[in-house]
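Dear colleague,

Please find below the structure that I am handing over to you.

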Amino acid sequence: MARKHRQDVTEPPQPAPNRWWILGVFGGLFLMMLYPLFNQFIPSSDWYELSFKINIVISFLLSAWYFYLLKLNQARLVSLYQRYYKWMLYLFTPFIIYFMSYLSIIYGVGDLATRLSSRPHTTLDVVEKQYVESRKGCNTRLVSNTLKEAMPPNICISQQDFDRFPPRIAINIKGQQSYFGLHINEIEYDWATTATLSRVDHPK
């Protein structure tokens, strides 16, 4: 009498049922992270300090929630992620969450809050020319101590303007000011003040 061998039927790995919550949160953070790339914003020192603390708390809560969802679906995830280095999921996810949350809160949330609760503001700044070989950004730019905290931290100019501008230029930064910082709408060159800078740089 032939023995009947029972065949174990293994179900194919299925994604975690809570994956849409995770994808929604990461998608929201990703969109808020992209927002500052199209809107130049300088966070205030008070908002920078406060948002740093908020980011620590949010990153901790999101990481804990992520690991909890992984624990709930561990049986399925073992087979689903067996081809990958599982320790990378646990090790690098908190850093990814922190980085995305950092840009989203400080610059994204700060800029949007400034748009909703702000007043017109103009500030005078002195910028310097800077040439940088860059594939991601512009090569010819204007930089200053005021702009170094902005996102992006410079003002792009054309090669033609870069060649004809003096080393230092006075500009009026026009935008919207609030507790959270300054949203830059436009810049205006102040040639009268720039002329005085040239006399200081090149005294008779």
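Six strands form an open sheet, in which the order is 1-6-5-2-3-4 and the pairing is antiparallel. At its edges are strand 1 (41-43) and strand 4, each of which pairs on one side only. Please note that this is a predicted model.

As background, strands of a sheet pair through backbone hydrogen bonds, either parallel or antiparallel. In the present sheet, strand 2 and strand 5 are paired in the antiparallel sense over ten bridges. Within this pairing, leucine 124 has asparagine 172 of strand 5 as its bridge partner. Strand 5 is also joined to strand 6, by seven bridges, and these two strands run antiparallel. Here glutamine 176 stands opposite histidine 183, a residue of strand 6. Strand 5 and strand 6 form a hairpin, with three residues between them.

How many of the ten residues of strand 5 are buried? The number is eight, so strand 5 is largely enclosed by the rest of the structure.

Strand 3 and strand 4 pair over two bridges, again in the antiparallel sense. In this pair, arginine 141 stands opposite cysteine 156 in strand 4.

**The disulfide**

The structure holds one disulfide. The bond joins cysteine 138 to cysteine 156, with an S to S distance of 2.0 Å. Cysteine 138 is placed in the loop between strand 2 (119-131) and strand 3 (140-143), while cysteine 156 belongs to strand 4 (residues 155-156), so the pair ties together parts that are 18 residues apart in sequence. The torsion about the S-S bond of cysteine 138 and cysteine 156 is about -80 degrees, and the disulfide is therefore left-handed.

Are the two cysteines buried or exposed? Cysteine 138 has a relative accessibility of 16% and counts as buried, because the cut-off for buried is under 20% relative accessible area. Cysteine 156, with a relative accessibility of 47%, counts as partly exposed.

**Salt bridges**

Side chains of opposite charge can pair when their charged atoms come close. A search of the whole structure finds three salt bridges.

Glutamate 188 lies in strand 6 (residues 181-189) and lysine 174 in strand 5 (residues 168-177), so the pair ties together parts that are 14 residues apart in sequence. Glutamate 188 is partly exposed, its relative accessible area being 37%. Lysine 174 is likewise partly exposed, at 25%.

Another is formed by aspartate 161 and arginine 164, whose closest N and O atoms are 3.0 Å apart. Both residues lie in helix 5 (residues 159-164), where they are three residues apart, about one turn of the helix. Arginine 164 is exposed, and its relative accessible area is 54%.

There is also a salt bridge between the side chains of lysine 53 and glutamate 49, at 4.0 Å from N to O. Lysine 53 and glutamate 49 are both part of helix 2 (residues 45-72), four residues apart, about one turn of the helix. Glutamate 49 is partly exposed, with 48% relative accessible area.

**A nonpolar surface patch**

Which residues make the nonpolar surface patch of about 510 Å²? They are Phe52, Ile56, Val57, Phe60 and Leu61. Phenylalanine 60 lies in helix 2, the helix that also holds lysine 53 and glutamate 49. At 59% relative accessibility, phenylalanine 60 counts as exposed, because exposed means over 50% relative accessible area.

**The protein as a whole**

To place these details in context, the protein has six helices and six strands. Along the sequence, they follow the pattern α-β-α-α-α-β-β-β-α-β-β-α. The protein consists of 204 residues, 35% of which count as buried. Of the contacts between residues at least 6 apart in sequence, 69% join residues at least 24 apart.

With kind regards

Methods
Residues are numbered from 1 along each chain as its sequence is written. This is a predicted model: local features need pLDDT of at least 70, side-chain atom pairs count only at pLDDT 80 or more; totals for chains, interfaces and linings use all residues. Side-chain values use heavy atoms; hydrogens and water are left out. A disulfide is a pair of cysteine sulfur atoms within 2.5 Å. Buried means under 20% relative accessible area, exposed over 50%, partly exposed in between (1.4 Å probe, protein chains only). Two strands pair if DSSP finds at least two bridges between them. Patches are made of residues with over 30% relative accessible area and no salt bridge: like charges are joined within 9 Å, nonpolar side chains (Val, Leu, Ile, Met, Phe, Trp, Tyr) within 5 Å. Accessible areas come from the Shrake-Rupley method with a 1.4 Å probe; for residues, only the protein chains shown count as cover. Contact means heavy atoms within 4.5 Å.
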